[in-house]
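Please read them with the model open.

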Amino acid sequence: EGSLDLAVEGGISTPLGKIVVSAIYDGGAADKHGGIVKGDQIMAVNGKILVDATLPEAQTTLAKSWNSGGVSIVIHPVGLFIACRKREFSAKDENRSNQ
């Protein structure tokens, strides 16, 4: 069994005004993938736009998506000021079928 092991903070109703990655935990899918880092803004998860989401909405969306077997996260990379450039993090829970 694997886990995403990704923490987020912020939300539309906070001073940050957006959902950002606050931690990547060693050994989790996000850490192994390497395509997302602390400070990246979460723009969407599995097609659900999170630009105006609260923290609980974002956390629920991430958890439900991961528990359904995989997650595709569209991010705005930290420190990148060109809004049109985005990276996409995709992970499927292949560990569950391999163990």
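1. A term is needed before anything else: a residue is called buried under 20% relative accessible area, exposed over 50%, and partly exposed in between. Asp5, with a relative accessible area of 28%, is therefore partly exposed. Asp5 sits in the segment before S1. Its phi is near 50°, a positive value in a residue that is not glycine. Bear in mind that this is a predicted model.

2. Asn46 belongs to the loop between S3 and strand S4 (48-49), and at 39% relative accessible area it counts as partly exposed. As background, most residues other than glycine have a negative phi.

3. On the overall layout, the chain holds three helices and six strands. Read from the N terminus, the order is β-β-α-β-β-α-β-β-α. Of the 99 residues, 40% are buried. The accessible surface comes to about 5,700 Å², and carbon and sulfur atoms account for 52% of that. Among contacts between residues at least 6 apart in sequence, 49% join residues at least 24 apart.

4. Which residues have the most contacts inside the largest nonpolar core? They are Leu4, Leu6, Ile36, Ile42, Val45, Leu62 and Ile73, in a core of 18 residues. At least two core residues come from each of strand S1 (6-10), strand S2 (19-24), helix H1 (29-33), S3, H2 and strand S5 (70-76). In soluble globular proteins, nonpolar side chains tend to be buried together.

5. Beyond its neighbours up to four places away in sequence, Val45 touches Leu50, Thr61, Leu62, Ser65, Val71, Ser72 and Ile73. One of these pairs is Val45 and Val71: they are 26 residues apart in sequence, yet their C-alpha atoms are 6.8 Å apart.

6. Thr61 is part of helix H2 (residues 55-67) and is buried at 10% relative accessibility. With neighbours within four places set aside, Thr61 contacts Val45, Lys48 and Leu50.

7. How does H2 divide between buried and exposed residues? Its buried residues are Ala58, Thr61, Leu62, Ser65 and Trp66. Seen down the helix axis, the buried residues of H2 fall within an arc of 120°, so they line one face. Pro56, Lys64 and Asn67 are exposed on the other side. An α-helix has 3.6 residues a turn, so residues three or four places apart point the same way. The length of H2 also agrees with expectation, because its 13 residues should span 18 Å at 1.5 Å a residue and its end C-alpha atoms are 18 Å apart.

8. Last, the pairing of S1 with S2. These strands run antiparallel and are joined over five bridges; one of the bridges links Gly10 to Ile19 in S2. Five of the six residues of S2 are buried, so this strand is largely enclosed by the rest of the structure.

Key: Residues are numbered from 1 along each chain as its sequence is written. This is a predicted model: local features need pLDDT of at least 70, side-chain atom pairs count only at pLDDT 80 or more; totals for chains, interfaces and linings use all residues. Side-chain values use heavy atoms; hydrogens and water are left out. Helices (H or I, at least four residues) and strands (E, at least two) are DSSP runs, numbered from the N terminus. Buried means under 20% relative accessible area, exposed over 50%, partly exposed in between (1.4 Å probe, protein chains only). Contact means heavy atoms within 4.5 Å. A nonpolar core is a set of buried Ala, Val, Leu, Ile, Met, Phe, Trp, Tyr and Cys residues joined through side-chain atoms within 4.5 Å. Two strands pair if DSSP finds at least two bridges between them. The expected span of a helix is 1.5 Å times one less than its number of residues. The arc is that of the directions from the helix axis to the C-beta atoms. Accessible areas come from the Shrake-Rupley method with a 1.4 Å probe; for residues, only the protein chains shown count as cover.
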